[in-house]
Amino acid sequence: MAEPRSRSDQPASDDQPQEPDVLRKILRSPGYLKMLAFCALIGIPVSLAAFWLLVMLRELEYALWGDLPQALGWDTPPWWWPIPLLLVAGVGVGLVVTHMPGAGGHVPAAGVQLGGSSSAALPGVLLAALFALPFGAVLGPEAPLIALGGGLALVFRDLAQMPATAQSTALLGAAGAAAAVSAIFGNPLIAAVLLIEVAGVGGPRLFAVMLPALLSSGVGSLVFTGLGHWTGLGTGDLSLNLSTPIPRLDVGDVLWALVIAVALAVCLHPVVAGARRVAAYVAGRPFVRTVQCALGAAVCAALYALITGRSPAEVASSGQSTIGELAADPQSWGVGALIAVLLFKGIGYALCLGSLRGGPVFPTLFLGAAAGVLLAPLPGLGPVPGMAAGMAAAAATMLRLPVSSVVLVVLLLGSTAMMPVVILAAVVAFVVTELLPARPAAVSRA
């Protein structure tokens, strides 16, 4: 006798609304349409605020790491330069964490987050970012930008005297965060994809369905991009014709991308675990231990400069500008310098993730790019495929956002030619990371 079907297996009854009907009902509701129009309006002021915050952070960083050392007679910052600057960063962030609402935002070791961007917490978030990022924290600006966008959106909602419902808070927070994040990445697409993954729409099932589709599309794209002597099948696309020559993929590039993905997933897993242990350590005595961790990151930058003779700024700060320098002239980095920057920046990154305030994206991309350049001399691997695979694998490992990692790396490269290795590296690194022992729980003060 056949067993009765469960309720989930039974077809929907005629009186149950179908998904298109539900969506149509939502779109036709006056409240939602007003919210949509309001989101369009706040995009302009939020983007302007994000732009000026980035300008302020960038100008202050140039002044502290470029103009001031030159005014004192040094062409580049001396080896000890990060110590006083990161001491200021640790003291400033420690005071914000212990005395201001919102504790300066969430601990970056918890990953990219949307929550905690209330209007009351916004001053502390901005002040912590101004102390941490220009003074040499190994973090990026995306977390303060998300908080700025979401917080400003809620401020505008209150000024417009709109109802403060849970739905309006979620919608406006996401809209404001997306407008702000697009300012740093220079593209609204990555902001939208990033926020979809960060919000966890679909939960674990989304990743379970998405990974096979992403992997299949990446392998299948080799038919069109070509592999080795196979020229590929020409199709129409929306990409621009770049003047910069991008090498054709070869079998070696694809195989080495898999090796790089596994290696980076294994090597970066302790960085995340260490960062979360640092966060738990700092939570016991926030002010004193925040200063300790900031000074630890400063020592990493100072030791790097002493050992290599290069600028300590290559370890301190997010690495956003250094990625461009690395990509433009990878031969200027010797093997010793690449190993040293991976080691010391990795340790400084873990310390800053667990103690200071900022975002995890750009240091991750730099570490992946440096690893790719270091491994580029391997037989059959080139610098561009190595950097592409390294950045994708590092981003998927540290951020646990595989689709966002692929989109971000492809946009940074400015070409879709490396997309197969980018997808393969991101998917493999993400799967390996999930199969490794669980990371310690993150401490998130907000």
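Helix H10 (residues 251-284) and helix H11 (residues 286-308) pack with their axes 6 Å apart, at an angle of about 140 degrees. This is a predicted model, where local features need pLDDT of at least 70 and side-chain atom pairs count only at pLDDT 80 or more. Residues are numbered from 1 along each chain, and side-chain values use heavy atoms, without hydrogens and water.

Q: Why is H10 called oblique to H11?
A: Angles under 35 degrees are roughly parallel, over 145 roughly antiparallel, 65 to 115 roughly perpendicular, and the rest oblique. The angle here is about 140 degrees. H10 is therefore oblique to H11.

Q: Which residues make the contact of H10 and H11?
A: Contact means heavy atoms within 4.5 Å. Val278, Tyr281, Val282, Ala283 and Gly284 of H10 take part, with Pro286, Arg289, Thr290, Gln292 and Cys293 of H11. They divide into 6 nonpolar, 3 polar and 1 charged.

Q: What makes H15 and H16 roughly antiparallel or roughly parallel?
A: Helix H15 (residues 383-399) and helix H16 (residues 402-413) pack at about 150 degrees. That angle is therefore roughly antiparallel. Their axes are 9 Å apart.

Q: Which residues of H15 and H16 make the contact?
A: H15 gives Ala388, Met391, Ala392, Ala395 and Ala396, and H16 gives Ser405, Val409 and Leu413. By class, 7 are nonpolar, 1 is polar and none is charged.

Note on methods:
Axes are lines fitted to C-alpha atoms, for helices over the stretch in contact, and angles run from 0 to 180 degrees between N-to-C directions. Helices (H or I, at least four residues) and strands (E, at least two) are DSSP runs, numbered from the N terminus. Ala, Val, Leu, Ile, Met, Phe, Trp, Tyr, Cys and Pro count as nonpolar, Asp, Glu, Lys and Arg as charged, and the others, Gly among them, as polar.
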